[in-house]
Every structure is written in structure tokens, then in C-alpha cells.
Amino acid sequence: MTMGEESVLSSLVLPILVGPSLINLEKQDPGAAQLLKAAFSNAESAHPSLCYSFILGLMKKAELSQKVNMNESLLRVQGAALDQESPDYRINRSEDAFQELCRKSVGLKKILSRIPDEIGDRKAFLETIKEIASAIKKLLDAVNEVAGYIAFGSGKQRLEQRKREFVKYSKRFSTTLKEYFRDGQANAVFLSALYLIQQSNLIITTVKGCCE
């Protein structure tokens, strides 16, 4: 596993796996859920990738390390996790532009989460690729709308940088798809899709930091 792959997995384990599990726990024991949430968040802030290491440890203990494709699994779980997404990826502004950005981010992630189920069906996968391309364009349009609400220059620059990074990974995703149809390496597609999810999350957190 490369450092880049480990980095993207580390950034997504908390919002996709740990966070939704704690939301489920909160329905049964709110106090325990809040304590665990604070503990995981603080630990992850102090020691980035701790949650990822924790999950790897559980998998090793259950003898699943060699049986589970983490890239594929995170993509699959992302679709279900969207209903219980962390407030970190929601913008507390009532204006339509901000809510539309959140909807477009969720929409893209939902389509990307279908890849593991559809990649084996060429016809269905080609349709999904078209949906992903459309969702990427709509998300970028939504980012442009939100940019008008950012009054200070440094905030606009941060968001513009995030937008450029998102475009870069979108192009990389397109290249990965071409390579997949040539060599059949599905795992590379899963990883590239996770990078897009990560970049979508970073756009939301950047807007939150500039506008809340």
C-alpha cells in the first residue's frame, strides 16, 4: 500500500465507518456515544490515522486482513453512511447555495458508492460513469455559487485551491477509468473514487471554515 492510499483511507475511516456506528449507538446510549465520539475525534486529531489503525487491528484480530478489500468496502459502506453523515460535512447556512452544495456533494458520493456493485456490468457501469461526470460538473457549479458568499480574499483563495484539487482528482479518475477498460484493475478505480469522496469532503469543510 502506498502512502497516498493509506492517507486517503485514514481520512475516510472516521466519517464512513466510525462516525455512523456511533450515531447508531447514540440511539441506545447517548452518553456513551458522546464520550466515544469525543475520544475518537480527539485521538484522531492528536494522532492522524489512529482510527484507520484501530480498524486494521480489528480486522487482523478477526483474521479478515487478507479477505477484505478496504477500498471496495469503504465505497460500499459510504452509500449507507450518507443517511448518518457527520455534522462536519453539513453546512449550517440556510441559503440555497450552501444547501445545494451539500446536496451535490452527497449526490456524488452516493453515485460513487455504487461502483463496486456495478463495475462488473459494463453497460450499467458506463451509465454510472456518465452520472458521475454529471455529478462532478454540478458540484463544481455549486462551488462557484457558494464562492460569491465568501467576502475575504484568503477564504476565496482556499476554496479556489480546493476546487483545483478536486478537478485534478476528477481528471485522475477519468484516466483511471481508461486504464481499467484496458487492464481490468478494479481496485484502482475504487481508490480513485475514494479520492473524489475525500476531495468532496474537503470542499465542504473548507466552505464551513470560511462561512460559519
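I looked for cavities and found one of 30 Å³ or more in the structure. A cavity here is a set of points on a 1 Å grid over the protein atoms alone where a 1.4 Å probe fits but cannot get out. The model is predicted, so I kept in mind that local features need pLDDT of at least 70 and side-chain atom pairs pLDDT 80 or more, while totals for chains, interfaces and linings use all residues. Residues are numbered from 1 along each chain as its sequence is written, and side-chain values use heavy atoms, with hydrogens and water left out.

**Cavity**

I noted a volume of about 40 Å³ for the largest cavity. Volume is the space filled by probe spheres set on the grid points, which are joined across faces, edges and corners. Its lining consists of Pro 15, Ile 16, Gln 78, Glu 85, Tyr 89, Lys 109 and Asn 201. A lining residue has an atom within 4 Å of a point.

**Pocket**

Next I looked up the largest pocket, which has a volume of about 570 Å³. A pocket is an open set of points with protein on both sides within 12 Å along at least five of seven lines. I read 28 lining residues; nearest the centre lie Leu 14, Pro 15, Ser 86, Asp 88 and Tyr 89. Helix 1 (3-28), helix 2 (30-46) and helix 9 (186-211) each give two or more residues to this lining. Helix 1 gives the most, with 10. Helices are DSSP runs of H or I, at least four residues, numbered from the N terminus.

**Cysteines**

I checked for disulfides and found zero. The cut-off is a pair of cysteine sulfur atoms within 2.5 Å. For Cys 210, the nearest cysteine sulfur is that of Cys 211, 5.7 Å away. Cys 210 counts as buried because its relative accessibility is 10%. Buried means under 20% relative accessible area, exposed over 50%, and partly exposed in between (1.4 Å probe, protein chains only). Cys 51 is buried too, at 0%.

**Ile 150**

I found Ile 150 in the loop between helix 7 (122-147) and helix 8 (153-183). Ile 150 is buried, at 2% relative accessible area. Ile 150 and Cys 211 are 61 residues apart in sequence, yet 6.6 Å apart in space, C-alpha to C-alpha.

**Surface patch**

Last, I looked at Leu 50, Phe 54 and Leu 58, a nonpolar surface patch with about 250 Å² of accessible area together. Patch members have over 30% relative accessible area and no salt bridge (a Lys or Arg side-chain nitrogen within 4 Å of an Asp or Glu carboxyl oxygen). Nonpolar side chains are joined within 5 Å, like charges within 9 Å. Areas are Shrake-Rupley values with a 1.4 Å probe; for residues, only the protein chains shown count as cover. Leu 50 sits in helix 3 (residues 50-61). Leu 50 is partly exposed, at 31%.
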